[in-house]
Amino acid sequence: MKEIILIKNGELALKGLNRSVFEDTLIRNLKTSLKDCGEFVIRKAQSTIYIEPQNDTFNFDEALERVSKVFGIAAFSRSRVCEKNMESILKTAPEYLADTLKSIKTFKVEAKRADKRFPFTSPQISAKVGGAILSAFPHLRVDVHNPDEIITVEVRDYAAYIRAGQLQGAGGLPVGTAGKASILISGGIDSPVAAWTMAKRGLKLDAIHFASPPYTSPRAEQKVKTLLSKVALYSGTIKLAIVPFTEIQEEIANKCPEEYFTLIMRRMMMRIAEKIAVYHKSGALITGESLGQVASQTLPGIAVTDSVTQIPVLRPLIGSDKEEIIKISRKIDAFETSCLPYEDCCTVFTPKHPKTRPTIPLCEEAESKLNIEELIKKAIEETEYVFID
């Protein structure tokens, strides 16, 4: 009999009447992720999604790696399908799991009888399969409390499924079920983690990057694209807007008080980002800010920044410390890239003594000499777009 991939939905099982919408979105995301792994069919039944290869060319190892990065999945496993009778189950389990069983000392069998018409109960199935495995591998012993491996037998609709253990999925909700938002991404550690975190909650992502040549180099822009490609393994394709920001920063440096440089720069970024996001039907902006991490990320600084926007600004890392952020950055393989020493626009024109307790009226006065609307209009007109896979 054939091998398949079994997927457990996790959080989706808690959904009500719209549960099928979440499951259908997850299936579409799986199809996109696995499109070049070979021919396969995906179906769903009884809170489980089945990925069924159609021939021997299906790349199981690559498929499992990609499935591990699809949000909306609690757990998944490579499983053997066999006929739904005890003779077939008792024959298949020791044969299919032979390599695993040879390398361990203790095991436990768990049976799940979704089809209650099956003539054996779950404890009876477990006992019979355990006996068959002990007969085939005498060196083993049963340990129901702390086994080296858990063998699972699931009796379902038209077949039985046998596996050794299961792998943890990425969790969260399927990308696209919560709408779309735009991440403001620099080249640092925080913003890719913020993007990944919100994609895990079901948001489809666009991205906005502010480039300031010659103060920032092409390598800094490539760094951002590389970081987004790490996130895109989980989120799917990301549309990146690259906004020219040099003229705006030079205008700020020439016409505004130095201690307000960073705050005014961020206000200009938010104004531009909001217009781009709204035009492309994003419902929110996302930033990688963490409370108190730098001078502009104080409560007064955040209030001043948010005052120029009308759409929500999501800050998923606002209560995280640096070690927590770095842990996720390493998990998604973004940390080493984030640490490459290429300047981004947030690190140029940095004031020596930034304002830490700003107010909206004072910021408005500090930026009053700028032709804000004209600067925004020109920047948006010159924005370039690329797609990151």
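K281 is found in the loop between helix 9 and strand 13 (285-286), where helices (H or I, at least four residues) and strands (E, at least two) are DSSP runs, numbered from the N terminus. The model is a predicted one, in which local features need pLDDT of at least 70 and side-chain atom pairs count only at pLDDT 80 or more, while totals for chains, interfaces and linings use all residues. Residues are numbered from 1 along each chain as its sequence is written, and side-chain values use heavy atoms, with hydrogens and water left out.

Most residues other than glycine have a negative phi, and most peptide bonds are trans. K281, although not a glycine, has a positive phi of about 65°, and at 70% relative accessibility K281 counts as exposed; here buried means under 20% relative accessible area, exposed over 50%, and partly exposed in between (1.4 Å probe, protein chains only). D333 is another residue other than glycine with a positive phi, near 65°, and its place is the loop between helix 11 (322-331) and helix 12 (335-338). The relative accessibility of D333 is 47%, which means that D333 counts as partly exposed. A further backbone feature is the cis peptide bond that joins P213 and P214, with omega about 5°; P214 belongs to the loop between strand 11 and helix 7 (218-235).

Turning to the whole chain, the protein has 14 helices and 15 strands, and its C-alpha atoms fill a box of roughly 85 × 35 × 35 Å along the principal axes. Of its 389 residues, 51% count as buried. Where contacts between residues at least 6 apart in sequence are considered, 79% join residues at least 24 apart, a contact being a pair with heavy atoms within 4.5 Å.

Not counting residues up to four places away in sequence, I286 touches A181, S182, I183, L184, A194, M198, L203, L205, L314 and P316. I286 and P312 are 26 residues apart in sequence, and their C-alpha atoms are 8.5 Å apart in space.

S191, in helix 6 (residues 190-200), has a relative accessible area of 5% and so is buried. With residues up to four places away in sequence again not counted, S191 touches I183, L184, I185, S186 and G288. The C-alpha atoms of S191 and L227, which are 36 residues apart along the chain, are separated by 9.3 Å. T305 lies in helix 10 (residues 299-306) and is buried, because its relative accessible area is 0%. Leaving aside its neighbours within four places in sequence, T305 is in contact with R266, R267, M270 and R315.

The axes of helix 8 (residues 246-255) and helix 9 come within 10 Å and cross at roughly 145°, where axes are lines fitted to C-alpha atoms, for helices over the stretch in contact, and angles run from 0 to 180 degrees between N-to-C directions. Helix 8 contributes I248, Q249, I252 and A253 to the contact, and helix 9 contributes F261, I264, M265, M268 and I272. By class, this contact of helix 8 with helix 9 has eight nonpolar residues, one polar and no charged; Ala, Val, Leu, Ile, Met, Phe, Trp, Tyr, Cys and Pro count as nonpolar, Asp, Glu, Lys and Arg as charged, and the others, Gly among them, as polar.

What space is left inside? A search of the whole structure finds two cavities of 30 Å³ or more, a cavity being a set of points, on a 1 Å grid over the protein atoms alone, where a 1.4 Å probe fits but cannot get out, and its lining residues being those with an atom within 4 Å of a point. About 40 Å³ of space lies in the second largest cavity, the volume being the space filled by probe spheres set on the points, with grid points joined across faces, edges and corners. This second largest cavity is lined by S182, D206, A207, I208, K239, A241, I276, A277, H280 and Y385. At least two lining residues come from each of strand 11 (204-211), strand 12 (238-244) and helix 9 (261-279), and strand 11 supplies the largest share, three residues. The lining divides into six nonpolar, two polar and two charged residues.

Conventions. On a 1 Å grid over the protein atoms alone, a cavity is a set of points where a 1.4 Å probe fits but cannot get out, and a pocket is an open set with protein on both sides within 12 Å along at least five of seven lines; lining residues have an atom within 4 Å of a point.
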